[in-house]
Amino acid sequence: MSDVLHSALAFLVVLGVLVFVHEFGHYAAARWRGVHVEVFSIGFGPAIATWRDRVGTVWKLAWLPLGGYVKLHGQERAEDVSPEVRATWVAGRVFHEKSVGSRAIVVAAGPIANFLLAMVLFAALFATAGRPIIMPVAGGVLPDSAASRAGLQVNDRVVAIDGTPIHNFGDIQTIISAHPAERLTLTIKRGDATMTVPVVTDSRMSGNARVGMLGISGGEVEYQKLSLPQALIGGVTQTWQITRETIVGVWQMITGQRGTEDLGGPLRIAQLSGAVAEQGPLYLIQFIALLSVNLGLLNLFPIPVLDGGHLLFYLLEALRGRPVPPRVQEYGFRAGLALLAGLFILATWNDLTRSIGFH
């Protein structure tokens, strides 16, 4: 029970930070573009606490902590509300009266805020604790693997593969995965001795592609402190790298090169939040930064209902010179809801399969 409570509390912290930053991005951009924000809510459903600020925005903390929202003044289309509601709109502060550019800025600001949060958190970690680098050292050797057959041992350090210098464990993974069932020459350092070891990599299918495997796990991590300018650059670079890898992974799932078993939902995030929190605040901050990138990227996908879907409609409006027909938007939102519902069900199924072996 204590583990469940610990995971739940960690989950609330992680999700609360991510949702607040995302919605605050929308809020700040709306204020900048002259749009009144009626409600800023963390969570859905009945409110636990509410207060009204000096500009008239109602801030809410609700019971269901699975997201949040900002309610913009005049967010609904004029044809979707009654004349009585339209009569309450304040001229100059209505969302749909703003230019398509201003509306796009307000919508895009949420995901942008998530990317900025990740950059700042990564930069702060790199400047204080240091940038974690998994060294090219065998933390473990799997039995009956290419590494064990080649005679590799725990604590062997891989210096080069076929003459290519190795700087971190990721370099090993990159080279090995690109050479399935091939003979390679590893230069390793064992104690004070340096030697060359021939190895024939194993091979396995990943989606529709065949990848190589060596059979060692990384274990040794070094932290390299960076100066503030280096840390800022490193934060941007790390955020971009995670974004790129996530896009590649999603594309591989779409094209069938990779399975969907890696998709996770709220249950998986809650489990990981608890496990990461036990490792300490630095690991939790890094986890929040990672999820912030994923949340920002997910919201930019061109799926109606998500921010990216709204941005797609605004782009079409800018190109056409007039809004997308309401019926097209309605069908788009229905399709987007169905797609998100399907993804949620799939992710929840994966969560249940991992956690309790549900089949």
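The model is predicted, so local features need pLDDT of at least 70 and side-chain atom pairs count only at pLDDT 80 or more, while totals for chains, interfaces and linings use all residues. Residues are numbered from 1 along each chain as its sequence is written, and side-chain values use heavy atoms, with hydrogens and water left out.

- His-73 sits in the loop between strand E2 (58-72) and helix H2 (83-86); helices (H or I, at least four residues) and strands (E, at least two) are DSSP runs, numbered from the N terminus.
- His-73 is buried, with a relative accessible area of 6%; buried means under 20%, exposed over 50%, and partly exposed in between (1.4 Å probe, protein chains only).
- Beyond its neighbours within four places in sequence, His-73 is in contact (heavy atoms within 4.5 Å) with Val-35, His-36, Glu-38, Thr-88, Trp-89, Val-90, Arg-93, Val-94 and Phe-95.

**Salt bridges**
- The structure holds seven salt bridges, each a side-chain nitrogen of Lys or Arg within 4 Å of a carboxyl oxygen of Asp or Glu.
- Glu-38 and Lys-71 meet through their side chains in a salt bridge (3.2 Å, N to O).
- This pair links distant parts of the chain, with Glu-38 in strand E1 (residues 37-52) and Lys-71 in strand E2, 33 residues apart.
- Glu-38 is partly exposed at 24% relative accessibility.
- Arg-190 and Asp-156 form another salt bridge, with the closest N and O atoms 2.8 Å apart.
- Arg-190 lies in strand E7 (residues 183-190) and Asp-156 in the loop between helix H4 (146-150) and strand E5 (157-161), so the pair ties together parts that are 34 residues apart in sequence.
- Arg-190 is partly exposed at 25% relative accessibility, whereas Asp-156 is buried at 2%.

**Nonpolar cores**
- The largest nonpolar core has 23 residues, of which Val-14, Leu-18, Leu-117, Phe-122, Phe-126 and Ile-288 touch the most other members; a core is a set of buried Ala, Val, Leu, Ile, Met, Phe, Trp, Tyr and Cys residues joined through side-chain atoms within 4.5 Å.
- Helices H1 (2-32), H3 (100-128), H6 (228-254) and H8 each give two or more residues to this core.
- H3 provides the largest share of this core, nine residues.
- A second, separate core of 19 residues includes Phe-11, Val-70, Leu-72 and Val-106.
- Phe-115 lies in helix H3 and is buried, with a relative accessible area of 14%.
- Phe-115 and Ser-292 are 177 residues apart in sequence and 6.5 Å apart in space, C-alpha to C-alpha.

**Nonpolar surface patch**
- Ile-134, Val-221, Tyr-223, Leu-282, Tyr-283 and Ile-285 form a nonpolar patch on the surface, with about 510 Å² of accessible area together.
- Patches are made of residues with over 30% relative accessible area and no salt bridge: like charges are joined within 9 Å, nonpolar side chains (Val, Leu, Ile, Met, Phe, Trp, Tyr) within 5 Å.
- Accessible areas come from the Shrake-Rupley method with a 1.4 Å probe; for residues, only the protein chains shown count as cover.
- Helix H8 (281-300) gives the largest share of the patch, three residues.
- Tyr-223, in strand E12, is partly exposed at 43% relative accessible area.
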